[in-house]
Amino acid sequence: MSIKNAIEAIKEKLHNNVTLVAVSKTQSTSSIMEAYMAGQRVFGENKIQEMTEKWEQLPKDIQWHMIGHVQRNKVKFMAPYVSLIHGVDSFKLLKEINKQAEKNNRVISCLLQLHIAQETTKFGLSKDELFTILHAEETTQLSHIKIVGLMGMASFTSNTKQIEQEFLALQNSYTEAQKITNKNIAITVLSMGMSNDFQLATKYGSTLVRIGSAIFGKRMYKK
Ligand SMILES: *Cc1c(COP(=O)(O)O)cnc(C)c1O
């Protein structure tokens with residue numbers, strides 16, 4: 001299937017209020033341009049350096065989402081242009097994003113990543129840590145970030161029941177978090193669902209799906 005056809009097929013399965021992030025990690029700029037020509041404008045990458053190289057080369061109306069684990073010392077490289085950072089998993093990281101956003105005269109939108117999977121390898125905040133950040137007085141002082149939602153990754157398993165439970169847990173935290181609003185918190189985005197589970201994710205209220213292999217085919221990793 002061509003990239004264009006794949007995007008169209010996915011969009012047919014999504015309601016209008018769900019945003020498609022095309023996950024282009026490891027993909028060439030020519031593949032990204034194919035998706036761009038099909039009308040896709042939102043792309044997700046998991047490495048800051050790779051994303052920055054692509055941002056430099058590709059049309060400037062692309063919105064770049066950082067979906068991977070973020071190292072604090074690399075935030076400065078994406079601060080000039082990144083449109084949404086999905087994987088915020090500590091207050092320290094939020095502070096660094098705020099600092100770099102201020103240097104660039106920007107307000108950077110962030111999602112807090114909640115740990116929902118059973119695997120210990122997946123990053124993210126516990127529910128307690130999440131609500132501590134959302135309620136903290138210190139958070140309200142970060143005037144160059146905006147917390148706009150939550151992100152999560154389900155376990156890598158074929159057990160649909162388990163994935164559903166994890167999505168439900170994230171949806172519940174999302175509903176609870178939506179009650180908290182202040183200057184820089186307004187929760188309207190729920191980032192959950194990938195190629196294999198996005199239709200399930202939208203049943204549990206996902207507003208943003210991150211899809212890679214179902215658009216671009218299998219990823220080739222360079223060693
Ligand atoms: C790679 C990746 C995706 C996309 O995965 P596919 O299975 O290829 O759709 C989604 N979210 C995150 C955080 C990823 O790292």
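**View 1. Phe43 and Trp64 are both buried.** Buried here means under 20% relative accessible area, with exposed set at over 50% and partly exposed in between (1.4 Å probe, protein chains only). This is a predicted model, in which local features need pLDDT of at least 70 and side-chain atom pairs count only at pLDDT 80 or more, while totals for chains, interfaces and linings use all residues. Residues are numbered from 1 along each chain as its sequence is written, and side-chain values use heavy atoms, with hydrogens and water left out.

**View 2. Two aromatic pairs turn up in this model.** One of them is Phe43 with Trp64, a tilted pair with 6.0 Å from centre to centre and 40° between the planes. Phe43 sits in strand β2 (residues 42–45) and Trp64 in strand β3 (residues 63–66), so this pair ties together parts 21 residues apart in sequence. As for the cut-offs, rings of Phe, Tyr and Trp (its six-membered ring) pair if their centres lie within 6.5 Å; planes under 30 degrees apart are stacked, over 60 edge-to-face, and the rest tilted. Helices (H or I, at least four residues) and strands (E, at least two) are DSSP runs, numbered from the N terminus.

**View 3. Trp55 and Tyr81 make a stacked pair.** Their ring centres are 4.2 Å apart with the planes at 5°, so the pair gets the stacked label. Trp55 belongs to helix α3 (residues 48–57) and Tyr81 to the loop between α4 (75–78) and β4 (84–88), which puts the partners 26 residues apart. Trp55 is partly exposed, at 23% relative accessibility, whereas Tyr81 comes in at 8% and is buried.

View 4. A ligand oxygen is 2.5 Å from a side-chain N or O atom of Ser195, and a ligand nitrogen is 2.8 Å from a side-chain N or O atom of Arg210. Gly212 brings a polar backbone atom 2.8 Å from a ligand oxygen. Taken alone, the ligand exposes 390 Å², and the protein buries 91% of that (Shrake-Rupley method, 1.4 Å probe).

Definitions and conventions:
A polar contact is a pair of N or O atoms within 3.5 Å; within protein, one must be able to donate a hydrogen and the other to accept it, and residues adjacent in sequence count only if both atoms are side-chain atoms.
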